[in-house]
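Subject: Structure handover

Hello,

Here is the structure for your records. My notes come after it.

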Amino acid sequence: MIICPTCKEEIDDDSHYCDQCGQKLYFCNQCGRVGVGRRCTHCGGLMMSPDGSVSQRGQSVGMSMPGYVSYGSTNGDPSSMRAMPVLALINDSLNIRINGMNGAIIGRRKGPYTQFFENQSYVSGVHAQLKFNPGVGWCVVDKHSSNGTMLNQRPIQPDVDMTLNSGDILTIANVNLQVIIS
């Protein structure tokens, strides 16, 4: 659950708008926190909506960040832009629902998902990284973690991009996450 920065009500993690007050939500492109304004008050990152618009003093500016929400060259034609598929990593029993961000670190001490792993002692401080490669799709990379990363019960080597497919099971140390790509 996240807290709406406008009305302070608790709302679902995957919300694009507050279901209480209707405010469009903006997430920091570096730490993933919800906030208002152009820059994150926590780390200084750029505040963006899930559709790729940048917050500009509470206003939406139609700017897309390469590899964040859309990808491809427009060559002057906006219809040639392709939407980046949405990645979700879910473990209902641990109440984990991660919305994938390109370049985001999964870890106990670093990255935008620390609230899910801070009490998971087998997860490394910097465990893995999510990446979106336009020619391949969503990938995960083990970052030399102590207890390893597995994809469908098979260990993955450090620093090797492993493609994620909907229905896969990604294991971060001892935490299983179902992969959903839509």
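This is a predicted model: local features need pLDDT of at least 70, side-chain atom pairs count only at pLDDT 80 or more; totals for chains, interfaces and linings use all residues.

Overall make-up. The protein has 182 residues, and 42% of them count as buried. Its secondary structure comes to 19 strands and 1 helix. Among contacts with a separation of 6 or more, 30% join residues 24 or more positions apart.

Strand pairing. Strand 19 (residues 175-181) pairs with strand 10 in the antiparallel sense, over 4 bridges. In that pairing Leu 87 has Ile 181 of strand 19 as its bridge partner. Strand 19 also pairs with strand 18 (residues 169-172), again antiparallel and over 4 bridges. Here Gln 178 in strand 19 stands opposite Ile 169. The hairpin of strands 18 and 19 has 2 residues between the strands, and Ala 173 takes a positive phi near 60° there.

Largest pocket. The space in it is about 1,100 Å³. Its lining has 41 residues, with Asp 13, Phe 27, Gly 32, Ile 98 and Asn 99 nearest the centre. By class, the lining divides into 23 nonpolar, 11 polar and 7 charged residues. Strand 1 (2-3), strand 10 (87-91), strand 11 (96-99) and helix 1 (114-117) each contribute at least two lining residues. Strand 11 gives the most, with 4 residues.

Regards

Technical notes:
Residues are numbered from 1 along each chain as its sequence is written. Side-chain values use heavy atoms; hydrogens and water are left out. On a 1 Å grid over the protein atoms alone, a cavity is a set of points where a 1.4 Å probe fits but cannot get out, and a pocket is an open set with protein on both sides within 12 Å along at least five of seven lines; lining residues have an atom within 4 Å of a point. Grid points are joined across faces, edges and corners, and a volume is the space filled by probe spheres set on the points. Ala, Val, Leu, Ile, Met, Phe, Trp, Tyr, Cys and Pro count as nonpolar, Asp, Glu, Lys and Arg as charged, and the others, Gly among them, as polar. Buried means under 20% relative accessible area, exposed over 50%, partly exposed in between (1.4 Å probe, protein chains only). Contact means heavy atoms within 4.5 Å. Two strands pair if DSSP finds at least two bridges between them.
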